[in-house]
Amino acid sequence: MNLYRFLERNRFYALYIPLTIYWIIIFVLTTLPNPNVPKLLDNYDDKLKHFLAYTVLAVMVSLILHFQKRYKFLSEKVFLYSVLIVSVYGIFDEVHQIFIPGRSADIFDLLCDISGGILGTYLSLRFIKRRENRKIPKKI
C-alpha cells in the first residue's frame, strides 16, 4: 500500500492524533519560561527551530485539510486555509509568549513561522499533486 492511500484510509491515527500531540508539544514548549541564557549565535538557531516546527505543522494541517471529507471548501483551497491556520496560530503563539516570563513576541519568529507554514504546505501539496498526476490504468 502506498503512503497516499495509507494516509487516506487511516487519517485519524496517521494524521489527527499526531497533529494533536504535535500541536500540544509546540504549545507546551512555547509556554515554558525561557531561562536567561546568553544568546550569541543562538538567535539563528531559534529562527531555524521556528521555521522547522511550523513547516512540520503545516504539512500535517494541509494533509488533514486535503483528506477530510466534511467541508469540501477546505479541501478545495488547501494552500490558502493551511497557510491561514498556521499563520494565525503563529500570531497567537507570539502574542501568548508576551505573558510568559523570559519570553517575548518577536516579529522575526513570526516571519519564520509563516515562512515555514508556506513551505510545509507547498511540500505536502507537491506530494498530493504527484499522487493525483500518477496515471492509474483503467480496467477494461
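Start with one side chain: Ser 87 reaches the backbone oxygen of Val 83 at 2.7 Å, a polar contact in the sense of an N or O pair within 3.5 Å, where within protein one atom must be able to donate a hydrogen and the other to accept it, and residues adjacent in sequence count only if both atoms are side-chain atoms. Before going on, a word on the ground rules: this is a predicted model, with local features needing pLDDT of at least 70 and side-chain atom pairs counting only at pLDDT 80 or more, while totals for chains, interfaces and linings use all residues. Residues are numbered from 1 along each chain as its sequence is written, and side-chain values use heavy atoms, leaving out hydrogens and water.

Back to Ser 87, which sits in helix α5 (residues 78-97); helices here are DSSP runs of H or I with at least four residues, strands are E runs of at least two, and both are numbered from the N terminus. Ser 87 counts as buried because its relative accessibility is 11%, the scale being buried under 20% relative accessible area, exposed over 50% and partly exposed in between (1.4 Å probe, protein chains only). If you skip neighbours within four places in sequence, Ser 87 is in contact with Leu 110 and Ile 114, contact being heavy atoms within 4.5 Å.

Phe 67 itself touches Tyr 4, Leu 7, Glu 8, Arg 11 and Leu 15, not counting residues up to four places away in sequence.

Now for the charges. The structure holds four salt bridges, each a side-chain nitrogen of Lys or Arg within 4 Å of a carboxyl oxygen of Asp or Glu. Asp 46, Lys 47, Asp 106 and Asp 109 are linked in a network of them. Lys 47 is buried, since its relative accessibility is 13%. Its closest N and O atoms are 3.4 Å apart in the pair with Asp 46 and 2.8 Å apart in the pair with Asp 106. Asp 109 comes to 2.6 Å from Lys 47, closest N to O. Asp 109 lies in helix α6 and Lys 47 in α3, so this bridge ties together parts 62 residues apart in sequence.
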